[in-house]
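I opened this model to look up its sheet, its nonpolar cores and a few backbone details. My entries are below.

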Amino acid sequence: MARLLLIEDDAETAGEVLADLRERGHVVGWAETAPDGAARMRAATWDALILDRMLPGGDGLGLLQALRREGDRTPALVLSALGTVDERIRGLRAGGDDYLTKPFVLAELAARIEALLRRPADTRETILRVGSLELDLIAGTGRRGTRDLALLPRELKLLEYLMRRPGQVVTRALLFEEVWNYRFTPKSNLIDVHLGRLRRKLEAEGEPPLIHSTRGVGFTLMPDD
Amino acid sequence: MTDLMRSTTARWALGIALWSVLLALATFAFVYWQTAAFLREELAETLRLEVRAAAADPAGAAARVDTWVAMDLHATHYGGLFGPDGGRRSGNLDAVPPDLARDGEAYRVGARVDIAGHRLDDEIWAAALALADGSTVVVAHDADEIDRVRTRSLRALGLGLVPTLVLSGLGGLLLAGRARRRLAATEAAVAQVMRGDLGRRLPVGRHGDEFDRLAGNVNRMLDEIERLLGEVRSVGDAVAHDLRTPLTRLRARLERTRDHAGSVAEFRAAIDQGLAWIDQTLAMVTAVLRIGEIEHGRRSAGFAPVDLAQVVREVAEFFEPIAEDKAVLLRAAVEAGLPPVDGDRDLLFEALSNLVENAVKFTPPGGAVRVGLARSGMHAVVSVDDTGPGLLPGERDQVFRRFYRAERARQTPGNGLGLGLVAAIAALHGFSVEAEASAEGGARFAITAPLRDEAARRRAQAEPADPMPSRAAGPEA
């Protein structure tokens with residue numbers, strides 16, 4: 001449950017986004033223009049901001065820059081039809097925390113908002129535990145119960161990312177960006193193949209599943225206890 | 001004709017005609033001047049000799065003067081022997097011409113000379129010499145002859161000038177007309193091209209002159225424009241065609257589901273299938289737009305030193321599981337110690353991903369794919385070799401065109417955009433990309449990138465005092 005503000009001038013898109021996010025239990029406000037959005041940002045506190053780049057009455061990035069200058073640190077996700085590397089960099093430089101290119105899948109937007117809201121605190125923990133799963137970041141070893149897991153370096157990073165977000169849906173694009181550290185849309189089955197490998201190592205015969213797929217969206221690591 | 005007068009060629013022809021007339025004038029003037037001078041000198045010499053001969057023999061002077069006057073048939077010789085009192089003793093001159101120096105030199109004197117009682121209104125050349133007894137001998141000659149040379153010369157000039165002018169004018173017109181005819185054919189062809197007939201080409205003559213070379217170059221430019229337009233058209237057609245297929249399927253599925261589906265599960269299945277088809281079309285549209293964006297992009301903020309070794313290793317690692325699932329051996333062969341290249345790491349990863357993805361896709365189970373990074377002089381070469389069916393020789397350039405599906409790839413799913421994207425990314429970076437036959441039996445794709453600080457590194461090696469002599473080349477991964 002979070003308070004989100006959507007600044008988007010296209011009523012159709014806004015309607016779909018509002019309905020989807022509200023269904024997921026968020027309280028979502030909607031502003032159609034940049035000045036309106038600025039006014040609503042200043043009038044109340046929001047947990048996250050979703051804003052379109054091209055807005056009537058002003059550029060979305062300009063609005064974001066103005067807010068950041070005023071000291072507003074609300075996590076912001078920039079939506080844009082412009083997908084080039086340059087545009088993305090510009091969006092992030094203007095103070096955006098994430099950037100999503102239109103057209104997007106609603107579940108992807110929801111997952112990214114979730115990721116912004118639940119950004120894991122920069123903990124000093126070096127041993128992560130989720131259910132029967134344990135990951136030693138210093139030794140680079142993982143165990144499920146008493147069974148040692150032979151993990152490759154990339155699998156370690158993947159598991160770490162998932163274990164820091166138990167119960168949260170992470171999309172393929174997010175995984176690719178955060179774990180592989182590259183930004184583009186790879187063929188979806190590649191990430192699936194990597195997760196499949198990890199899953200086979202985590203879930204030996206007879207053990208309850210840990211990584212759950214959400215069809216068409218992504219994956220969730222659920223504690224098994 | 002007005003067109004002709006406006007044309008540069010006609011103006012040149014006219015200019016040349018005027019120039020030749022000017023040259024003719026100058027030649028005539030020179031010839032006239034030389035001839036007149038020669039005649040004048042000749043006459044003066046005759047007069048000098050004659051007056052001296054008469055003076056040398058005072059006794060026979062009178063007879064000599066008479067002979068001088070008489071030997072002339074045209075009455076152009078004059079002369080006289082005058083006593084110390086000025087009275088004439090012989091000859092046809094009534095008096096010594098005034099102002100004539102008696103030094104034996106020939107002078108041109110005014111016509112104030114009286115001959116046989118009447119005044120001669122003309123100019124004469126005369127020489128006078130005083131004799132010992134105080135008398136004076138004068139020998140003179142009419143200047144008409146020299147004047148006639150001038151008249152003749154002018155007349156000849158006048159007569160010659162008209163044909164010169166006419167002939168050079170005609171020649172100029174002929175030349176202009178010829179150039180005009182060549183231009184007219186070119187203009188007609190250009191006009192047709194402007195009307196949209198891009199298949200037209202300019203006529204190219206067999207002279208190989210500047211004109212033909214220009215026409216040849218214009219034709220090559222038109223070839224390129226036609227090729228590009230054709231490509232745009234075929235891309236448009238391909239997009240429309242490739243969009244229609246999933247949309248048609250989607251439409252049919254929706255219609256059938258509306259009429260026949262009886263359960264929520266059936267509706268859900270139809271919607272899932274529909275979403276998959278829409279995603280497929282969106283992916284294609286996005287790919288086309290991305291290629292366009294990358295092609296029209298400029299080198300920009302996203303560029304930074306990129307360690308190709310890391311990119312190559314990570315791409316290989318990324319595709320390793322899927323290759324293994326397909327029983328294809330994927331290896332990375334990375335030469336150590338290469339300096340970075342300037343580029344966009346995400347785009348380079350994407351380009352190499354597309355190459356490796358293709359290689360894995362087209363390599364049959366049991367085959368191998370090798371991703372390599374090697375130095376070649378001042379360049380880094382990133383290569384992907386496979387043991388798949390390879391490319392036909394004629395396809396090697398075409399594979400990078402959008403929507404091109406290689407002959408041997410028709411049975412494999414794909415939209416023909418992957419290599420187009422590779423080509424666009426390479427072009428954005430100023431890298432070259434080539435397709436060739438692989439020594440491993442299949443296809444080989446190679447991206448050649450100039451190394452970033454090759455020059456800087458060499459300088460650093462040459463000067464060991466440099467605080468960071470070898471760090472630039474230090475392998476990070």
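The entries begin with conventions and then go from chain B to the backbone.

**Conventions.** I am reading a predicted model, in which local features need pLDDT of at least 70, side-chain atom pairs count only at pLDDT 80 or more, and totals for chains, interfaces and linings use all residues. Residues are numbered from 1 along each chain as its sequence is written, while chains are lettered from A and ligands numbered from 1 in the order in which they are written.

**Sheet.** In chain B I looked up an open sheet of 5 strands with mixed pairing, in the order 9-11-12-14-13; strands (E, at least two residues) and helices (H or I, at least four) are DSSP runs numbered from the N terminus, and two strands pair if DSSP finds at least two bridges between them. Its edges are strand 9 (329-334) and strand 13 (432-437) of chain B, each of which pairs on one side only. From one strand to the next the twist averages 15°, with axes taken as lines fitted to C-alpha atoms, for helices over the stretch in contact, and angles running from 0 to 180 degrees between N-to-C directions. Strand 13 of chain B runs antiparallel to strand 14 (residues 443-450) and is joined to strand 14 by 6 bridges, and B:Ala437 stands opposite B:Ala443.

**Helices on the sheet.** I then followed helix 7 (residues 308-325) of chain B, which lies across strands 9, 11 and 12 and runs at about 170° to strand 9. Helix 9 (residues 418-429) of chain B lies across strands 13 and 14, at about 135° to strand 13.

**Cores.** The largest nonpolar core has 109 residues, and B:Val315 and B:Val356 are among those with the most contacts inside it; such a core is a set of buried Ala, Val, Leu, Ile, Met, Phe, Trp, Tyr and Cys residues joined through C-beta atoms within 7 Å. Buried requires 20 or more other C-beta atoms within 10 Å of the residue's own, exposed 12 or fewer, and partly exposed lies in between, with C-beta atoms placed from the backbone. Leaving aside neighbours within four places in sequence, B:Val356 is in contact (C-beta atoms within 7 Å) with B:Val315, B:Phe319, B:Val369, B:Val371 and B:Val384.

**Backbone.** Which bond joins A:Lys102 and A:Pro103? I found a cis peptide bond, with omega about -5°, and A:Pro103 is in the loop between strand 7 (98-101) and helix 5 (106-117) of chain A. B:Ala327 has a positive phi of about 60° although it is not a glycine; B:Ala327 sits in the loop between helix 7 and strand 9 of chain B and counts as exposed, with 11 C-beta neighbours inside 10 Å.

Key: Contact = placed C-beta atoms within 7 Å.
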